[in-house]
Amino acid sequence: MLLEGKIGVVLGVANKRSIAWAIAKRAVEEGAQLVLTYQNERLKENVVELAKDLTPSPLLLPCDVADEKQIDALFAGIREKHGGLDFLVHALAFARREELDGSFLNTAPEGFRIALEVSAYSLVGLARRAVPLMEGRKGSFITLTYLGSERAVANYNVMGVAKAALESSVRYLAADVGPMGHRVNAISAGPIKTLAASGVSGFSKILDVVKEKAPLRRNVDALEVADAAIFFLSDLSRGVTGEVLFVDAGFHAIGF
Ligand code: NAD
């Protein structure tokens with residue numbers, strides 16, 4: 001069991017298709033004890049229902065990352081229940097629908113701010129609160145990113161800019177927390193049909209292109225991403241930090 005005895009918090013479960021949910025299930029299979037968060041009351045019901053499948057049962061806490069008070073309360077809750085933390089999974093992102101359709105030229109300042117704050121800055125704010133709970137442990141942080149950070153992908157727009165900021169944040173955070181023994185990495189997942197993905201206009205076309213062109217001639221699923229997450233959360237990756245690992249059937253490696 002690769003995560004035996006480890007305490008982890010997973011942010012980003014919305015429903016059973018969520019990448020965060022696949023990671024949570026795999027982490028529990030590997031022996032982790034989890035804390036799961038839900039963004040709001042509307043999603044709480046889903047998370048409560050899904051959590052019934054996990055043993056030991058996770059602590060469930062609200063956390064909208066746009067609300068600093070909720071983030072503080074999350075870490076206070078983790079400290080109270082577990083006294084410490086070994087890993088944090090950041091599997092969340094948000095941009096307004098109008099920014100995920102059409103021209104990037106039309107990105108509004110407010111749309112830019114929201115996408116960057118929720119999808120990139122949140123990792124920094126979470127890490128700052130998590131580090132004190134990781135004292136004396138070798139902590140691991142992971143986040144989820146996408147190829148749209150380095151290539152202009154139709155309709156991905158401001159989310160690509162947010163993912164570029166997120167990947168850069170991974171490197172800066174890795175530099176800051178590395179001397180304490182903690183690691184920070186990102187998984188760049190290929191397209192997977194989830195709630196967030198359906199917000200990107202023309203998403204099913206991206207799935208088709210990957211299936212046709214990727215070296216493995218198929219798309220990936222959330223379980224494949226979760227398996228890579230277990231690598232990063234466990235000691236198997238103890239020498240790796242500041243990295244972006246593609247789990248995308250090789251699509252990123254292809255030119256013409
Ligand atoms: P999802 O819709 O299941 O998960 C997105 C999560 O973000 C939801 O749980 C939602 O509640 C949460 N969220 C949004 N705004 C939030 C806020 N203010 N506070 C707290 N939580 C908030 O979709 P997913 O595809 O599993 O997304 C998980 C991560 O994977 C995201 O970072 C996404 O960009 C990334 N990713 C997804 C794909 C894909 O094709 N699905 C590919 C690469 C990367």
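1. Let's start with the shell around the ligand in this predicted model. By class, that shell is made up of 20 nonpolar, six polar and two charged residues. In total, 28 residues surround the ligand, and the closest are Gly12, Ser18, Gln39, Ile192 and Thr194. These five are a handy place to begin when you look at the structure.

2. A polar side-chain atom of lysine 163 sits 2.8 Å from an oxygen atom of the ligand. The backbone takes part too: an N or O backbone atom of isoleucine 192 is 2.7 Å from a ligand oxygen atom, and one of leucine 92 is 3.2 Å from an oxygen atom of the ligand. As for cover, the ligand taken alone exposes 820 Å², of which the protein buries 93%.

3. Where does the ligand sit? The space it takes is the largest pocket. That pocket holds about 1200 Å³ of space. It is lined by 45 residues, and those closest to its centre are Leu92, Ala93, Leu195, Ala196 and Ala197.

4. Sorted by class, the lining comprises 30 nonpolar, 10 polar and five charged residues.

5. There is also a second largest pocket, with about 470 Å³ of space. Of its 18 lining residues, Val153, Ile206, Val209, Lys213 and Phe251 are the closest to its centre. The lining divides into 11 nonpolar, four polar and three charged residues.

6. How many cavities of 30 Å³ or more does the structure hold? There is one. The largest cavity has a volume of about 50 Å³. Its lining consists of Tyr146, Leu147, Ser188, Ala189, Gly190, Pro191, Val210, Phe246, Asp248 and Phe251. By class, seven of these residues are nonpolar, two are polar and one is charged.

Terms used. Residues are numbered from 1 along each chain as its sequence is written. This is a predicted model: local features need pLDDT of at least 70, side-chain atom pairs count only at pLDDT 80 or more; totals for chains, interfaces and linings use all residues. Side-chain values use heavy atoms; hydrogens and water are left out. A residue is near a molecule or strand if one of its heavy atoms lies within 4 Å of it. A polar contact is a pair of N or O atoms within 3.5 Å; within protein, one must be able to donate a hydrogen and the other to accept it, and residues adjacent in sequence count only if both atoms are side-chain atoms. Accessible areas come from the Shrake-Rupley method with a 1.4 Å probe; for residues, only the protein chains shown count as cover. On a 1 Å grid over the protein atoms alone, a cavity is a set of points where a 1.4 Å probe fits but cannot get out, and a pocket is an open set with protein on both sides within 12 Å along at least five of seven lines; lining residues have an atom within 4 Å of a point. A molecule sits in a cavity or pocket if more than half of its atoms lie within 2 Å of its grid points. Ala, Val, Leu, Ile, Met, Phe, Trp, Tyr, Cys and Pro count as nonpolar, Asp, Glu, Lys and Arg as charged, and the others, Gly among them, as polar. Grid points are joined across faces, edges and corners, and a volume is the space filled by probe spheres set on the points.
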